[in-house]
Amino acid sequence: SCETNPPDQTGPPSRWTDCNDCVVSNLRLSFFDVEHVLLKHLAIASYEHLNEEGHATLYAVGVKTFRIDDPFLSRVTVDSIDAEECWLRSKAYRNPYTDVQVDCNSYGDGDGTLGAGYITLIVFGVIFGLLFLLCCFYLCRLGYTSADNSS
């Protein structure tokens, strides 16, 4: 644990032993009275299945437009986003990118499902696609075998 073995922070930071196994890291992005906020390719994640406990929080007050382009958010919560307009730019299902106006407090949805849900959907799509192709191949093969036997 960190209390009994303090981290070694001598030399350059890239060689420091870190202590993230025992100290939860949390990130809060707060914006106050700015005209526009753009978070481009924002990727914030901590994974429960890896026993990671950290999380991130988004907060904004007095903002005209709040926009996130091509995000990957996992376990991100929205404290409050007080903005006139909120936008999400994504191409998970569409090519090219599409801009969608969204509810300002829907970015995180508690467990941060933006991005993670798309990956799950893609994995299932690939699996079902492969199963469909195998079934088609089997049925075609079965059809040719039946035609050969009948002649």
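Is Leu 134 buried or exposed? Leu 134 is exposed, because its relative accessible area is 55%, which lies over the 50% cut-off for that class. The residue belongs to helix α1, which runs over residues 116-150. Leu 134 also takes part in a nonpolar surface patch of about 600 Å², whose other members are Val 123, Phe 124, Ile 127, Phe 128 and Leu 131.

**Confidence of the model**

The structure described here is a predicted model. Over the protein chain the pLDDT averages 75, and 66% of the residues reach at least 70. Among the elements of the chain, strand β2 has the highest mean pLDDT, at 93, while helix α1 has the lowest, at 73. In residues 109-116 the pLDDT stays under 50. For that stretch, the model has 21 contacts beyond four places in sequence.

**Salt bridges**

The structure holds four salt bridges. Side chains of opposite charge can pair when their charged atoms come close.

| Asp 69 | Lys 40 | 3.7 Å |

Asp 79 is partly exposed, with a relative accessible area of 43%. Arg 28 is likewise classed as partly exposed, at 43% relative accessibility.

The salt bridge of Asp 69 with Lys 40 has its closest N and O atoms 3.7 Å apart. Asp 69 is in strand β4 (residues 56-69) and Lys 40 is in strand β2 (residues 36-40), so this pair ties together parts of the chain that are 29 residues apart in sequence. Asp 69 is buried, because its relative accessible area is 5%, and the limit for that class is under 20%.

Asp 99 lies in strand β7 (residues 98-101) and Arg 67 in strand β4, so the pair connects parts that are 32 residues apart in sequence. Asp 99 has a relative accessible area of 43% and is therefore partly exposed. Lys 40, Arg 67, Asp 69 and Asp 99 are linked in a network of salt bridges.

**Cysteines**

A disulfide is a covalent bond between the sulfur atoms of two cysteines. How many disulfides does the structure have? The count comes to one disulfide, and the bond joins Cys 86 to Cys 104, with an S to S distance of 2.1 Å. This pair links distant parts of the chain, 18 residues apart: Cys 86 is in strand β6, and Cys 104 is in the loop between β7 and α1. The torsion about the S-S bond of Cys 86 and Cys 104 is about 105 degrees, so the disulfide is right-handed. Cys 86 is buried, with a relative accessible area of 1%. Cys 104 also counts as buried, at 10% relative accessibility.

Cys 136 is in no disulfide, and the nearest cysteine sulfur, that of Cys 140, is 6.4 Å away. Cys 136 counts as partly exposed at 31% relative accessibility, and Cys 140 counts as partly exposed at 47%.

**A loop residue and its contacts**

Asp 33 is placed in the loop between β1 and β2. With 64% relative accessibility, Asp 33 counts as exposed. Which residues does Asp 33 touch, not counting residues up to four places away in sequence? Asp 33 touches Val 61 and Gly 62. The C-alpha atoms of Asp 33 and Val 61 are separated by 6.1 Å, although the two residues are 28 residues apart along the chain.

Methods. Residues numbered from 1 in each chain as written. Predicted model: local features only at pLDDT ≥ 70, side-chain atom pairs only at ≥ 80, totals over all residues. Heavy atoms only, no water. Patch = residues over 30% accessible without salt bridge, like charges linked within 9 Å, V, L, I, M, F, W, Y side chains within 5 Å. Areas by Shrake-Rupley, 256 points an atom, 1.4 Å probe, with all protein chains shown as cover. Salt bridge = Lys/Arg side-chain N within 4 Å of Asp/Glu carboxyl O. Helix = DSSP H or I, 4+ residues; strand = E, 2+ residues; numbered from the N terminus. Buried < 20%, exposed > 50% of the residue type's maximum accessible area, 1.4 Å probe, protein only. Disulfide = S-S within 2.5 Å. pLDDT = per-residue confidence, 0-100. Contact = heavy atoms within 4.5 Å.
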